[in-house]
Amino acid sequence: MPSLLRVLASIIACTIFAPSAASALVQRGLPTKSQIQQELGHRLSHGTEIYFPNDSEFTNYTTRWSAAVAPDIAVVVVPATGEDVATTVKFANAIGLPFYAVNRGHGSTTSQLKLKHGIQINMRRLAGINIAKDGKSAVMGGGVYADEIIKTLDTKGKVTMTGACTCVGAMGPALGGGVGMYMGFYGLATDQIIDLDVVLADGSLKKVSATSNPDLYWGMRGAGHNFGIVTQFNYKIYERPTADWYYSTMYFTADKLERYFELLNTLSDHGNQPKELFANTFFQLNPNISTTEPVITFAVYYAGTATAAQPYLAPFAKLNPLLTINQTVSYPDLANAVGSGVDSPICQDGAYSASLFPTGLKTHNATASRAVYDLYKKMVTEQPAFNRSFVQLENFSAQKLKSVDAASTAYPHRDDDLLTTWTMIYAPSAALDALVPKYGNQARTLLAAGQPQRPLNTYVNYAYGDETLEQLYGYEAWRQQKLKGLKKKYDPENKF
């Protein structure tokens, strides 16, 4: 993510490494495999792994969800403990190499391309989940991902807030907000954080909570990617409210668009839709229906029975969808059932490039939505290589999100009731990479024109990489000043 502040500062000495040894490595340029093994390997705990480009596992650890934004990695360290993360950061600082923490590799911002010859710290081995005796929280490793959490908690009759795509890491989304199926019940993922163990830019390992480093606790919840690496966190969990989820998917032709968004705004009710209901709208090509005309897909996920969901679906059913698919599944099976699970095509690494262009909204403007639909149709007609792309409009119950004081965390967009994301999916190609911002930013311009009284808000977890700090982190002067102060205090050399 973009740095909050660029300042000049003297280099902080790393006492764990002898300055003479570090200086010798810097003088010889990029350290060799043997040098890294000699200087770093013996300082790491048993079970930590180090991989280099010629190692067979290197590609497995460096292949990302989006091929378009793969940073330049010289070595991969897979820590076994939080202390190993701290040691690796200190080593990277001592020899002058950038470092980069990765869990599942789903970040799609172009700012990742700025990293050159870096040390990738892969968090996957830090994946424990330990439920507290009172059943109200769980301590989790910084490398856990949503599917692991959902399935582990389900065995104990528990749930919590994670992202809707269950192949994605848990903490990455939470640091930037975190939207998902249980938002109506519990709010953002970031609002579930009780405390964190964080490795700072200088390699120090700190406990961060409301009472320990409270200023950083504020910043980590909403802008946390800028300040440190989370090795462990304590997270709120809850009694499972229902065993089953009902979902319904309806497909409509474009001539229904205006009436469809009229109904969708009624359902959304400015974020006051039922807490049990999460709805997605997609503009997409569905070859089973048409290879030339994008369809409007209405996907509703309801925490409860089909009978309870029907009053909210009935108005849309009267629009005479081309096709309707209904099913009831358990929550652990929901993501795979609807196409956003670990086994789903959208979750597979390395096959495609992906770029996202998010826009926060208060309501759906039918004129703007029609313009975005037309732009999408124009794009897939002119550039068939983009025909896997889609436009996603997320409708969620925002009541719990808004019950949290907007000033209490760094997350800036609690006033948004909807999240729209222009999502580009395509085969890796430098030529296509160059076309991506043309379409994505045009879509954001059209959506912004539909709410001229509001500034453009962009959800940091979906950021493309060309957004302003105000768009990402809020327009309030006090908020920007507070974040810049935290950046100067905790990461003055812009390591993150």
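1. The model is a predicted one, in which local features need pLDDT of at least 70 and side-chain atom pairs count only at pLDDT 80 or more, while totals for chains, interfaces and linings use all residues. Residues are numbered from 1 along each chain as its sequence is written, and side-chain values use heavy atoms, with hydrogens and water left out.

2. The structure holds 25 salt bridges, a salt bridge being a side-chain nitrogen of Lys or Arg within 4 Å of a carboxyl oxygen of Asp or Glu. One of them joins the side chains of Asp215 and Lys489, with an N to O distance of 2.8 Å. This pair links distant parts of the chain, since Asp215 belongs to helix 8 (residues 214–223) and Lys489 to helix 16 (residues 477–490), 274 residues apart. Helices (H or I, at least four residues) and strands (E, at least two) are DSSP runs, numbered from the N terminus.

3. A second salt bridge is formed by the side chains of Lys362 and Asp415 (3.3 Å, N to O). Here too distant parts of the chain are linked: Lys362 lies in the loop between strand 16 (353–361) and helix 12 (366–382), and Asp415 in the loop between helix 13 (399–402) and strand 18 (418–426), 53 residues apart. Lys362 is partly exposed at 21% relative accessibility, and Asp415 is partly exposed at 46%.

4. Within helix 12, Glu382 and Lys378 lie 4 residues apart, about one turn of the helix, and their side chains meet in a salt bridge of 2.8 Å, N to O. Glu382 is partly exposed at 38% relative accessibility, as is Lys378 at 44%. Salt bridges that share partners also join Lys362, Lys402, Asp415, Asp416, Asp417 and Arg454 into one network.

5. In helix 5 (residues 146–154) the buried residues are Ala146, Asp147, Ile149, Ile150 and Leu153. Seen down the helix axis, they fall within an arc of 165°, so they line one face of helix 5; the arc is that of the directions from the helix axis to the C-beta atoms. The cover over these buried residues includes strand 5 (129–131), strand 6 (137–141), strand 7 (158–159) and helix 11 (331–338).

How values were computed. Buried < 20%, exposed > 50% of the residue type's maximum accessible area, 1.4 Å probe, protein only. Contact = heavy atoms within 4.5 Å.
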